[in-house]
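Here are my notes on this two-chain model, written for reading next to the coordinates.

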Amino acid sequence: MGRVVLVTGVSSVFASTFARALADLDEGAGIDKVVGIDTVLPPGELGGVKFVRADIRAPVVGKVMAVEDVDTVVHLDVAMPTRGRGGGAKERNVIGTMQLLAACQRSSIVRKLVLGSSTAVYGSSPRDPAVFTESHSARGGASSGFPKTIVEVEAYVRGFARRRPEVLITTLRSAQVLHPDLDTPFGHYFAGAVLPSALGFDPRLQFLHVDDAYAVLTESVLHDRPGTFNVAGDGVVLLSQCARRLGRPLIPLPGVGFRHGPRRLVRAMSPEISPDLHRLITYGRVVDTSALRDIFGYEPAHSTEQVFEEFRAASRPGMLAGMGTRR
Amino acid sequence: MNDDAGTTPIGTRGRAGRGSPGSSPSAAARLLAGKQAATKPATLAKPAKRPPADETSAAPSGRTERARRLHAVTDDDADEAAREATGASGDVPGGIPVDEVLTALAEAARRVLGSDWERRLATMLATVRGRLGGDYSVDEFGLDPQIVEVVASAFEPIAEKWFRLQVRGVENIPADGGALLVANHSGTVPVDGLMTGYAVTKHTDRHLRPLGADLLFSLPFVGQVARKMGATLACADDAERLLRGGELAGVWPEGFKGIGKPFAERYKLQRFGRGGFVSSALRAQVPIVPVSIVGAEEIYPLVGNVPSLARLLGLPYLPITPFFPLLGPLGLVPLPSKWIIEFGEPVRTDAYEPDAAEDPMLLFNVTDQVRETIQQTLYRLLVERGNAFI
């Protein structure tokens, strides 16, 4: 008997593409059915994925799991809001996770849970170590917004793991995915004509290629890889470097007034920056991926620079693009 | 040109450097006009400022003040004078031919950059273009080798000429593999960190990775530059990561207690933190190199502190030096003390088991050993150095 995989949050391009890829795997992979769940219809074709229109914030998700005989849950409905402050995001992320976990706990056939977490769980502050490993916890910057949400989500998943020790749990803390086709917070930020930044700070950033993200998720669905793993492309880029490569000018703004006065200016010039993103472009965040290589057994195919280069090649050149030379 | 300074305020009714187009030309115009022309308005304009003298000089000639003003050097006069003064090379103001300027520039480039200056200039321009295009790479800690190179060469004259730095015991820095450099901390502003980094870069081919307090990374600009120069946060994770990766890490375990101690307590080592650096070195199994720095204490003698204001600003101390708030920005110039940096014999840690890091008594003993080595070396170096400034 094959397996039935439930993928949450399929209305996003990322999750629906992943669900489709999973459904299109050949027979040898041992996946019978892929069920996608979300409140709104996905934008593109879902292929072999069975779509169920339901809200994971409601107990109905338990019924869906019982009816479909779901034994593997891939929770991808935890995402950093792309635009604005994302008022409803916290509700969806946290309450949705709680309901989903409650349903998983009731189900007797669920044997695997894959959580698509984020490196935002480490927060972002000047007291951070240069490189985060999986054993670190946030030292600052995780007291509000998306980082707080993701910390809470992971805490609920740990609670679930304690109550149902026989369920295999893979937590994938992925860095920011950057791809021209995906509407991610950083993709949105880099698309602006000018890039507002924090005066006097030049953060180190890491990006993840969408193919690597899919590969790691697929791997953890098909094989048993319990544990928590950081997923990111090798190496780092600086924000100033990104801006120069894109040919877009950085507009350094003093940190103190970023919230009110200059905020309007920022909004007029470029897409609005959420407080979480502002923190990230102030202090940056770098994670260690040796556990992914050594324990999980996956080598990211794209380095951070390659991910960024692919993104840059697809985006339209900025106003300063003629100033420097590239290889 | 000796009368320039004297005449400027008079001819311009007290406004320096402007001049009025009719009567008194500006200093620049007088320069153009040459010597004779330049003196002319000085004698003529002088009476205008002093009424008694004006009457005596004006009465015999019978001219009004208006007439005299008209007689002052105009732009045409100045041009004519300039043409007379420079002779044949008429259309170059100031009389320096273009080819001479170019030759001088080439000569300057040759002096600064050496004989193959054209190739080096091309390389430099390519580097600048590459940087503007974002075409460089940093490591995961944020070290940017090009920035390190630029800062090191900018720092060289300060270290060599101003502080007259002597470096000893460079052979004690391992040529490869990880090592932890442990140094005393002093001088109000962490110049000693920069100097140690400079000494290591100059005498070995390695970069020192300083471990700094978290205050450093929360400050704008400072933290950014520190990261690009290879500094990272002084925490066990970063230290062990660097050391395991075979890097040279530098710590100043006295921290703010050492750097912000009063001048009266100079060269008296403070407590060496909680010995965390020893446990990092033991875990990574790398040698500890004691570094004794003499000279940093005298650059900004800390004679006072404003704790309340420091607390308000979130700083560990707010220094008062004999010159700092008193002379304003001039007080920020460090005093030219003589520096000696001595790298001592490494304390080997590979004789201990890796789990020796769990033994607090051993940690205290090794910490004391390193501290005592540095203290004794400091006393010896102080005697050898003699006067701090001469």
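What share of the 390 residues in chain B is buried? Buried residues make up 34% of them, where buried takes 20 or more other C-beta atoms within 10 Å of a residue's own, exposed 12 or fewer, and partly exposed lies in between, with C-beta atoms placed from the backbone.

1. First, the ground rules. This is a predicted model, in which local features need pLDDT of at least 70 and side-chain atom pairs count only at pLDDT 80 or more, while totals for chains, interfaces and linings use all residues. Residues are numbered from 1 along each chain as its sequence is written, and chains are lettered from A and ligands numbered from 1 in the order in which they are written.

2. Chain B overall. You will find 18 helices and 9 strands in chain B; these are DSSP runs numbered from the N terminus, H or I of at least four residues for helices and E of at least two for strands. Of the contacts in chain B with a separation of 6 or more, 70% are between residues 24 or more positions apart (a contact puts two C-beta atoms, placed from the backbone, within 7 Å).

3. The sheet of chain B. Here 7 strands form an open sheet in the order 1-9-6-2-5-3-4, with mixed pairing (two strands pair if DSSP finds at least two bridges between them). Strand 1 (166–168) and strand 4 (232–233) of chain B are at the edges with a single partner strand each, so one side of each has no neighbour in the sheet. Strand 3 (residues 208–212) of chain B pairs with strand 4 of chain B in the parallel sense over 2 bridges, and Leu211(B) stands opposite Thr232(B) there.

4. Helix 18 of chain B. This helix (residues 360–385) has 26 residues and reaches 37 Å from its first C-alpha to its last, close to the 38 Å expected (1.5 Å times one less than the number of residues). Helix 18 of chain B lies across strand 2, strand 6 and strand 9 of chain B, at about 35° to strand 6 of chain B; axes are lines fitted to C-alpha atoms, for helices over the stretch in contact, and angles run from 0 to 180 degrees between N-to-C directions. Its buried residues include Val366(B), Val370(B), Ile374(B) and Leu381(B), and helix 15 (276–284) of chain B is among the elements covering the buried residues. After the helix comes Gly386(B), with a positive phi near 70°.

5. The sheet of chain A. Again 7 strands form an open sheet, here in the order 3-2-1-4-5-6-11 with parallel pairing. Strand 3 (50–53) and strand 11 (227–231) of chain A stand at the edges, each with a single partner strand, so one side of each lacks a neighbour in the sheet. From one strand to the next the twist averages 20°. Strand 6 (residues 168–174) of chain A is joined to strand 11 of chain A by 5 bridges, with Leu172(A) and Phe229(A) as bridge partners.

6. Strand 2 of chain A. Strand 2 of chain A pairs in the parallel sense with strand 1 of chain A over 6 bridges and with strand 3 of chain A over 4 bridges. Gly36(A) stands opposite Val7(A) and also opposite Phe51(A) in strand 3 of chain A.
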